[in-house]
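I opened this structure to look up a few things and note them down. The entries follow in the order I made them.

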Amino acid sequence: MQDELKVYEGKMEKTLDVLLDEFGSIRAGRANPHVLDRIKVDYYGTPTPIQQVGNINVPEARMIVIQPWEKSLLKSIEKAILTSDLGINPTNDGSVIRLVFPELTEERRKDLAKDVKKKGEAAKVAVRNIRRDANESLKKMEKNGDISEDDLKDGNDKIQKLTDKMIDKIDKAVETKTKEIMTV
C-alpha cells in the first residue's frame, strides 16, 4: 500500500511542478528569461527552443537580450517572438534581439493575477482528481482482499493529509505569484 501512496504523491508533486513552471512563464513587470521557455524557433525546419539557438541575458531589470549563435537565425527568432503570446515587439539591430518589457498597467496586473488564480484552481482540481483516483484504487484493493478495512481507512486518511498539504502549497504559490505581479 505504501508504494501505491508514493505513486499518487508523485502525481500530486508533478501537478505542483507544472503549476510553478506555468507561473515562471507569466511576466511580472521584470524581465525574466523564463517567459521565453515556450517559444520555439524554426531552426532548419525543426521547432527548437530559443535557449538552444543563442545566449539569453538580462542586462537590465526590464530588458532581455538574445544573441543567436548564427546571425541567420535573427529573423526566425524575431518571427517566433512576434507570433507568440508574449505581447512584446522585439528590436533587431542586426546582431542581437532586444526585448524591452514595458511597465505593467494596473488593469494588466489584475488580469495576470486572475490568470494566476485560475491556474491555481485548475491545479487544485487536478490534485483532487488524483485523490479520488487514489481512494478508488484503495477501495478496489480492499474489495479484492489485498488490504483490510482498517488499512483502507488509514490509506484514505493519508491521501487526505497529502491532498491538504498539496492544496496548501498551491495556495501559497498563487499568493506569492499574485504578490509579485501586483508589486509595482
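Entry one, the pocket. I take a pocket to be an open set of grid points with protein on both sides within 12 Å along at least five of seven lines. The model I searched is a predicted one. I looked up the largest pocket and found a volume of about 330 Å³. I count 14 residues in its lining, and the closest to the centre are Ser25, Ile26, Arg38, Asp85 and Leu86. I then asked which element gives the most to the lining of the largest pocket. I noted α3, with four residues. By class, I listed seven charged, five nonpolar and two polar residues in that lining.

I checked the length of α4, which runs over residues 149-182. Its 34 residues should span 50 Å at 1.5 Å a residue, and I read 49 Å between the end C-alpha atoms, so the two agree. Next I looked up which residues of α4 are buried. Among them I noted Leu152, Gly155, Ile159, Met166, Lys177 and Ile181. What covers the buried residues of α4 includes α1 (2-24) and α3 (106-143).

Entry three, aromatic rings. I looked for aromatic pairs and found one in the structure. It joins Tyr43 and Tyr44, whose ring centres are 4.8 Å apart. I recorded 65 degrees between the planes, and the pair counts as edge-to-face because that angle is over 60. Are these two residues buried or exposed? Tyr43 is partly exposed, with a relative accessible area of 27%. Tyr44 has 64%, so I put it down as exposed.

Note on methods:
Residues are numbered from 1 along each chain as its sequence is written. This is a predicted model: local features need pLDDT of at least 70, side-chain atom pairs count only at pLDDT 80 or more; totals for chains, interfaces and linings use all residues. Side-chain values use heavy atoms; hydrogens and water are left out. Helices (H or I, at least four residues) and strands (E, at least two) are DSSP runs, numbered from the N terminus. The expected span of a helix is 1.5 Å times one less than its number of residues. Buried means under 20% relative accessible area, exposed over 50%, partly exposed in between (1.4 Å probe, protein chains only). Contact means heavy atoms within 4.5 Å. Rings of Phe, Tyr and Trp (its six-membered ring) pair if their centres lie within 6.5 Å; planes under 30 degrees apart count as stacked, over 60 as edge-to-face and the rest as tilted. On a 1 Å grid over the protein atoms alone, a cavity is a set of points where a 1.4 Å probe fits but cannot get out, and a pocket is an open set with protein on both sides within 12 Å along at least five of seven lines; lining residues have an atom within 4 Å of a point. Grid points are joined across faces, edges and corners, and a volume is the space filled by probe spheres set on the points. Ala, Val, Leu, Ile, Met, Phe, Trp, Tyr, Cys and Pro count as nonpolar, Asp, Glu, Lys and Arg as charged, and the others, Gly among them, as polar.
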